[in-house]
Amino acid sequence: MASVGWYADWLAERLGRQVTSQDVDRRDLNRCKILGANGLQTLSVPIDGGGRNLRLPYNQIGVSEHGSWRRVHWGAIFSAYGRAPYFEHYEHLFYPIWAKPWISLAELNQAIHKVVISIILSPEMESQLRKDIDRACVIAADYSAYWQINSVNDGFVADLSIIDLLFSLGPQSIFHLLHTIIDRRVISQS
């Protein structure tokens, strides 16, 4: 579950904009950060053979079932976001990913990515953004920060996993991503 920043870069590329932000660290391919009641939490997918196998080609990195991580992760996600405004709208899309075992990290990440983009950017939305990006950027100006369910103690925490954004803003997540792109000066605002 890549970060909000990673998805902002992805969206910028989809809209034909040059991306200038940092590359994703390969060690972060099997980790994501969520904000739970006890603060920042990193969820890490165990990989076969441990960290030394991160040197393998991405599509050859295997997922281990060590430590019942799927149950632990879903429990952490439910605990952190179960009361979030859009959790019940998207739970049925994400839960099956954690309900089944995965052989490769690439397949797991692809399954998550497919669900995320189905929520963020429908083909109709992409077409509309391409037609009227300036208007969308004006709307996006109001989405610099969003309400995070567990931010009472920690304040707003930027660049968490994309699920933090989705469970908080739902279909309006696209505007926060556009705002992030504008902040990085990838899209100029009119």
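Predicted model: local features only at pLDDT ≥ 70, side-chain atom pairs only at ≥ 80, totals over all residues.
## Overall composition

The protein has 9 helices and 2 strands. Read from the N terminus, the order of elements is α-β-β-α-α-α-α-α-α-α-α. Of the 190 residues in the protein, 46% are buried. Taking the contacts between residues at least 6 apart in sequence, 71% join residues at least 24 apart.

## Cysteines

The structure holds 0 disulfides. Cys 32 has a relative accessible area of 5% and is buried, because the cut-off for that class is under 20%. Cys 137 is also buried, at 0% relative accessibility.

## Helix H8

After H8 comes Gly 170, with a positive phi near 60°.

## Helix H1

H1 is mostly covered too, with 8 of its 11 residues buried. The buried set consists of Val 4, Gly 5, Tyr 7, Ala 8, Asp 9, Trp 10, Leu 11 and Ala 12. These residues pack against H4, H8 and H9. H1 is followed by Gly 16, where phi is positive and near 75°.

## Aromatic pairs

Over the whole structure, 12 aromatic pairs are found. One of them joins Tyr 7 and Trp 10 in an edge-to-face arrangement, with 6.2 Å from centre to centre and 65° between the planes. Tyr 7 and Trp 10 are 3 residues apart in helix H1, so about one helical turn separates them. In general, an α-helix has 3.6 residues a turn, so residues three or four places apart point the same way. Both Tyr 7 and Trp 10 are buried.

Trp 74 and Trp 98 form a tilted pair, because their ring planes are at 40°; the ring centres lie 5.6 Å apart. This pair links distant parts of the chain: Trp 74 belongs to helix H2 and Trp 98 to helix H3, and 24 residues separate them. Trp 74 is buried at 11% relative accessibility, and Trp 98 is buried with a relative accessible area of 6%.

## Aromatic cluster and a charge over a ring

Which residues do ring pairs link into a cluster? The members are Trp 74, Phe 78, Tyr 81, Phe 87, Phe 94, Tyr 95, Trp 98 and Phe 167.

Another ring contact involves a charge. The charged end of Lys 100 sits over the ring of Trp 102, at 4.2 Å from the ring centre.

## Second largest pocket

The second largest pocket contains about 170 Å³ of space. It is lined by 13 residues, and those closest to its centre are Ser 144, Ala 158, Asp 159, His 176 and Thr 180. H1 and H9 are the elements that give two or more residues to the lining. H9 supplies the largest share, 4 residues.

Asp 159 is in the loop between helix H7 (151–154) and H8. Its relative accessibility of 38% places Asp 159 in the partly exposed class.

Ser 68 is another non-glycine residue with a positive phi, near 40°. Where does Ser 68 lie? Ser 68 is found in the loop between strand S2 (39–44) and H2. Ser 68 is partly exposed, with a relative accessible area of 32%.

Terms used. Residues numbered from 1 in each chain as written. Heavy atoms only, no water. Disulfide = S-S within 2.5 Å. Buried < 20%, exposed > 50% of the residue type's maximum accessible area, 1.4 Å probe, protein only. Phe/Tyr/Trp six-rings, centres within 6.5 Å; stacked < 30°, edge-to-face > 60°. Lys NZ or Arg CZ within 6 Å of the ring centre and 35° of its normal. 1 Å grid on protein atoms, 1.4 Å probe; cavity = no way out; pocket = protein on both sides within 12 Å on 5 of 7 lines; lining within 4 Å. Points joined across faces, edges and corners; volume = space filled by probe spheres on them. Contact = heavy atoms within 4.5 Å.
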